[in-house]
Amino acid sequence: MPPSTVFWVVVPPAVLMAITIIYFVLSRERR
Amino acid sequence: MDPILAGFIGYLLVVVIVGFTTFRFNKTLADFLLAGRRLGAWIVALSERASGESAWLLIGLPGLALASGFSAIWSAIGCGAGILTSWMLVARRLRVQTERLGALTLPDYFEARFGDTSHLLRIVSMAVIVFFFTFYVSAQFLAAGKVLNTTFGLAPLHGMLIGAAIIIFYTIMGGFLAVAWTDLVQGLLMAGAMILLPLAAWIELGGVSGVASKIGAIDQNLLLVTGGQTGRPLIMGLVVGSLGIGLGYVGQPHLLTRFMAIRHARDLRKGTLIAMSWVVVAFWGAVLVGIAGLAHFGLGGLEDTEHVMPQVASLFLPAGIAGVVISAAIAAMMSTADSQLLVATSALSEDIYHQLVNKEASQKRLVAISRIGTVAIGVIAFVLALRAEEKVYWFVLYAWAGLGAAFGPAMVMSLWWKRTTKWGVFAGMVVGSTVAVVWHNVAVLKDAVYELVPAFALALVAVVVVSLLTAPPKDVDLSG
């Protein structure tokens with residue numbers, strides 16, 4: 001498998017999940 | 001009995017039971033159109049996802065991967081980014097604003113947000129919704145006919161009749177609550193299918209190295225995410241066009257209403273996590289299914305590329321499980337059609353009847369009118385599907401682009417920019433829908449890039465420029 005293909009298959013979903021988790025943590029309501 | 005048929009009948013029984021059990025929960029129009037804003041994070045997240053992805057995800061995307069190899073990944077990336085943007089930028093503010101303004105539908109929201117007593121925004125947005133959604137639902141019925149035809153050999157007409165009758169039945173019975181609960185089942189089924197199937201197929205084909213060597217033997221370019229293209233076709237056609245599909249999410253009324261139905265705005269952060277986990281599993285799974293099909297059947301190995309998912313399921317899974325996985329494609333179609341049917345219904349019952357004809361109507365009457373409206377739009381969509389045949393299917397492309405460009409920029413700007421005016425939003429809706437339709441019909445333009453990209457960009461410019469040219473609105477509280 002060409003490395004560039006592995007990169008584009010693996011990295012974008014990891015980035016999407018990373019942004020989601022950061023958003024999840026930062027949007028917590030402060031009491 | 002054929003295990004595939006048994007799986008499908010079991011699935012249909014579940015949705016019919018949901019229809020009966022949710023019937024008694026619909027006492028007011030807010031119940032019928034938004035499940036009384038009482039839904040939890042799981043159900044809203046899976047309902048938004050199941051409604052957002054029609055049979056295109058489980059049938060079309062694997063077909064694209066079968067025909068073009070790894071370059072199909074761009075569609076998954078574009079959609080994933082669009083869905084995340086919608087959950088992060090639109091969900092919370094829309095939920096808070098619509099409750100503050102007492103809005104049940106998007107036309108309600110636009111009218112109340114800008115204090116538009118002339119009803120201009122309501123009428124334009126309602127017209128865009130009724131027009132595009134009748135065709136949209138109709139295309140889903142056609143897809144039902146196609147899937148039931150290829151799976152069980154039913155005549156397409158009979159498949160369409162069965163699909164349409166069941167969707168209309170449980171939507172009339174249970175309204176949004178029935179639609180959301182069936183979406184939950186359908187969403188889980190779709191994700192489960194897209195985990196199990198690629199895993200089974202890839203292991204059977206010898207893992208990553210086995211799949212890579214089989215595809216490499218056909219054509220090395222199929223292994224590249226560029227598909228071997230370079231220059232303008234690569235950037236404009238493949239990358240921008242595929243990523244551009246994702247722009248549509250922030251403007252789809254049947255998805256935005258999901259955000260409005262959640263019990264507490266704070267639950268939307270959990271919903272984002274659930275929805276995005278689903279996206280990664282389902283979209284990447286769908287591409288990997290198509291790639292497995294490409295490794296096994298080769299280019300041109302299947303007469304119709306859209307048969308790849310059912311074929312891969314039948315080959316690599318035990319018959320009973322393959323039946324459930326193929327049912328997921330029907331579930332995908334039904335979960336999209338029911339939500340679209342309900343949005344079109346809301347345009348009739350809330351936006352026209354309640355707001356413009358009879359403001360004093362009782363809740364009982366409004367629910368009854370909604371049920372009649374659901375049947376009426378369902379029947380019109382069915383007749384259209386009968387008459388227009390394949391052509392309606394193409395209308396999905398207009399509808400996605402038209403709705404995305406008409407409502408997307410108007411929605412995002414109205415939620416985030418206080419300076420947005422009624423006339424800015426009006427201009428955005430008109431420019432977005434018009435450019436989408438015109439671009440799609442001019443071959444030179446259409447070949448250059450997917451119509452949603454220019455339509456969205458120009459609509460955004462229209463909202464901003466016209467808002468700045470018109471008198472500033474009164475100060476509004478946009479906090480979410």
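# Exercises: helices and a chain contact

The axes of helix 14 (residues 319-357) and helix 15 (residues 363-388), both of chain B, cross at roughly 130° and come within 8 Å. This is a predicted model, so let's work through what its geometry tells us.

**Exercise 1. Work out how helix 14 of chain B is oriented against helix 15 of chain B, and which residues make the contact.**

Solution. Start with the crossing angle of roughly 130°. Angles over 145 degrees would count as roughly antiparallel, and 65 to 115 as roughly perpendicular. The angle here makes helix 14 of chain B oblique to helix 15 of chain B. Next, the handedness: helix 14 of chain B passes helix 15 of chain B in a right-handed crossing. Now look for the residues that touch. Helix 14 of chain B brings Leu341(B), Ala344(B), Thr345(B), Leu348(B), Ser349(B), Tyr353(B) and His354(B). From helix 15 of chain B come Leu366(B), Ile369(B), Ser370(B), Gly373(B), Thr374(B), Ile377(B) and Gly378(B). Sort the residues of this contact by class and you get 7 nonpolar, 7 polar and no charged.

**Exercise 2. Find out why helix 13 of chain B counts as largely enclosed.**

Solution. Helix 13 of chain B spans residues 308-316. Check which of its residues are buried: they are Val308(B), Met309(B), Pro310(B), Gln311(B), Val312(B), Ala313(B) and Phe316(B). Then ask what does the covering: among the elements are helix 4 (55-68), helix 7 (120-152), helix 8, helix 12 (268-297) and helix 14 of chain B.

**Exercise 3. Describe chain A and its contact with chain B.**

Solution. Begin with the fold: chain A has 1 helix and 0 strands. Its C-alpha atoms fill a box of roughly 50 × 5 × 5 Å along the principal axes. Chain A has 31 residues, and 16% of them count as buried. Finally, turn to the contact: 16 residues of chain A touch 18 residues of chain B. On the chain A side, these are 11 nonpolar, 4 polar and 1 charged.

Conventions:
Residues numbered from 1 in each chain as written. Chains lettered and ligands numbered in written order. Predicted model: local features only at pLDDT ≥ 70, side-chain atom pairs only at ≥ 80, totals over all residues. Contact = placed C-beta atoms within 7 Å. Nonpolar A, V, L, I, M, F, W, Y, C, P; charged D, E, K, R; others polar. Helix = DSSP H or I, 4+ residues; strand = E, 2+ residues; numbered from the N terminus. Buried ≥ 20, exposed ≤ 12 C-beta atoms within 10 Å, placed from the backbone. Axes fitted to C-alpha atoms, helices over the stretch in contact; angles between N-to-C directions. Parallel < 35°, antiparallel > 145°, perpendicular 65-115°, else oblique. Left-handed = near helix turned anticlockwise from the far one by under 90°.
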